[in-house]
Amino acid sequence: NILSCLIPLAFGAWSMYKGAWFAGILGLAFGIIGFLFLYFTRKRIPFAAELLKASCTLTFRHHGTIVTSFGAMLVMGVFSFAHGLMSAPTLAQFTKAGAGAGAGTWALGVLFML
C-alpha cells in the first residue's frame, strides 16, 4: 500500500518538473490523501488479518471459488488485451496530431490504461 502513495507523489513531482502544475498538485494531493488513509487505518490491521484468515479458510474449503476466480482472471485478461488494442490506434493518432504531443503522451496513455 505504500506504493499506492508513493506513485502519485512521484507522478506529482515529475509533472511539476515538466511544468504541468495542475497535474502535479493533483498527484501530490492524492499521495498525501493515501498516506493519511494509511495512518488513520493502521489500527484496523489485526481485524483485517482475521478477515483474511476466514476468507482463506472458506476459499480452500470450497474449490469452486478458486476455479471461478481463475476463469474471471482469464476473462479480464482478454478484455484488457482487447481494450489495449482498441486504445493504441487512438493514442497513435493523438501523438501524430502534434500540439506538443510526443513520448510523454504515450507514458500518460499507458498510465491511463492502468
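In helix α2, the buried residues are Gly-24, Gly-27, Gly-31, Gly-34 and Thr-41; buried here means under 20% relative accessible area, exposed means over 50%, and partly exposed lies in between (1.4 Å probe, protein chains only). They cover an arc of only 145 degrees around the axis, which puts them on the same side of α2. That arc is taken from the directions that run from the helix axis to the C-beta atoms. On the other side of α2 you will find Trp-21, Phe-22, Ile-25, Ile-33 and Phe-40, which are exposed.

A word on the model: it is predicted, with local features requiring pLDDT of at least 70 and side-chain atom pairs counting only at pLDDT 80 or more, while totals for chains, interfaces and linings use all residues. Residues are numbered from 1 along each chain as its sequence is written, and side-chain values use heavy atoms, leaving out hydrogens and water.

What do the buried residues of α2 pack against? Their partners are α1 and α3 (45–61), with contact meaning heavy atoms within 4.5 Å. The helices themselves are DSSP runs (H or I, at least four residues; strands are E, at least two), numbered from the N terminus.

Turning to α1, Cys-5, Pro-8, Gly-12 and Ser-15 are buried. Seen down the axis of α1, these buried residues fall within an arc of 100 degrees, so they line one face of the helix. Leu-3, Ile-7, Tyr-17 and Lys-18 are exposed on the other side of α1. The buried residues of α1 pack against α2 (21–41).

Both helices can be checked against the expected span, which is 1.5 Å times one less than the number of residues.

| Helix | Residues | First to last C-alpha | Expected span |
|---|---|---|---|
| α1 | 16 residues | 22 Å | 22 Å |

Just after α1, Gly-19 takes a positive phi of about 100 degrees.

Two residues are worth a visit in your viewer. Ser-15, in helix α1, counts as buried because its relative accessibility is 3%. Leaving aside residues up to four places away in sequence, Ser-15 touches Ala-20, Ala-23 and Gly-24. Phe-22, in helix α2, counts as exposed because its relative accessibility is 65%. Between Phe-22 and Gly-12, ten residues apart in sequence, the C-alpha to C-alpha distance is 8.9 Å.

Which residues make the nonpolar surface patch of about 470 Å²? They are Ile-2, Leu-3, Leu-6, Ile-7 and Phe-35. Patch residues have over 30% relative accessible area and no salt bridge; nonpolar side chains (Val, Leu, Ile, Met, Phe, Trp, Tyr) are joined within 5 Å, like charges within 9 Å. A salt bridge is a side-chain nitrogen of Lys or Arg within 4 Å of a carboxyl oxygen of Asp or Glu. Helix α1 (residues 3–18) supplies the largest share of the patch, three residues. Ile-2 sits in the segment before α1 and counts as partly exposed because its relative accessibility is 48%.

Now for the whole protein chain: it has five helices and zero strands. Of its 114 residues, 12% count as buried. The chain exposes about 9,200 Å², with carbon and sulfur atoms supplying 78% of it; accessible areas come from the Shrake-Rupley method with a 1.4 Å probe, and for residues only the protein chains shown count as cover. Among contacts with a separation of 6 or more, 30% come from residues 24 or more positions apart.
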